[in-house]
Amino acid sequence: MDSAHLGDDLDHVLYTEEQIHARLAELAELIWADYHDKDVLLVGVLKGAVLVMADLMRALPGTVTMDWMAVSSYGSGTKSSGVVRILKDLDTDISNRHVLIVEDIIDSGLTLNWIRSNLLSRNPASLEICTLLRKPDAAKVEIDCKYVGFEIPNEFVVGYGLDYDEKYRNLRDIGTLAPHVYS
Ligand code: 5GP
Ligand code: MG
Ligand code: MG
């Protein structure tokens, strides 16, 4: 779905599909410089990261493997609490594996912080994080994120996998919604 199909639901576009793809290509280059000689497992967090994963992994110039986790984080409204439950665990035993978590967005960082600790307890050979978007609030929790696509302002964004009420994930661009959508 293109931004034009959203009509007046869309307030403004933050990043176009072309800008996202160009940035992912740059990240892929950095990632490959670090992992070309390692057997890397990309771990995506459902559902928001599906499009980042699809495009990032295809931008890599060699073979990688992929697995998925689904978690629910309890919180009020649009804020997460850091209390996380695993809805779908990895199929892969990650002990002694080089793991790269692929995320769509880090807001408070609470969810990812929990996932990170959980995966570290399984003794991977290494564990790093790649996120397409990061908000300033993320600085509140100490998360060492090695690959960041874009630092964005503190506003709620949709598209390119990111939803509002499960909608707009199939928007090609990343943008903000008009206030009337929320009310
Ligand atoms: P955190 O635990 O970092 O506060 O929140 C992480 C999750 O909240 C993300 O994986 C994403 O699902 C959701 N989230 C945070 N900010 C946004 C946003 O601006 N837009 C959308 N659609 N989801 C967000
Ligand atoms: Mg996510
Ligand atoms: Mg969501």
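A residue counts as buried if 20 or more other C-beta atoms, placed from the backbone, lie within 10 Å of its own.

The model is predicted: local features need pLDDT of at least 70, side-chain atom pairs count only at pLDDT 80 or more, and totals for chains, interfaces and linings use all residues. Residues are numbered from 1 along each chain as its sequence is written, with chains lettered from A and ligands numbered from 1 in the order in which they are written.

Centre on I101. Leaving aside neighbours within four places in sequence, I101 is in contact (C-beta atoms, placed from the backbone, within 7 Å) with V43, I115, I129 and C130.

Now show the open sheet of 3 strands, ordered β1-β9-β8 with antiparallel pairing; strands are DSSP runs of E, at least two residues, numbered from the N terminus, and two of them pair if DSSP finds at least two bridges between them. β1 (10–15) and β8 (157–158) are the edges; each has a single partner strand, so one side of each lacks a neighbour in the sheet. Between β8 and β9 (residues 174–177) there are 2 bridges.

Finally, zoom out: the C-alpha trace spans about 50 × 35 × 30 Å along its principal axes, and 31% of the 183 residues are buried.

Methods
Buried ≥ 20, exposed ≤ 12 C-beta atoms within 10 Å, placed from the backbone. Contact = placed C-beta atoms within 7 Å. Helix = DSSP H or I, 4+ residues; strand = E, 2+ residues; numbered from the N terminus.
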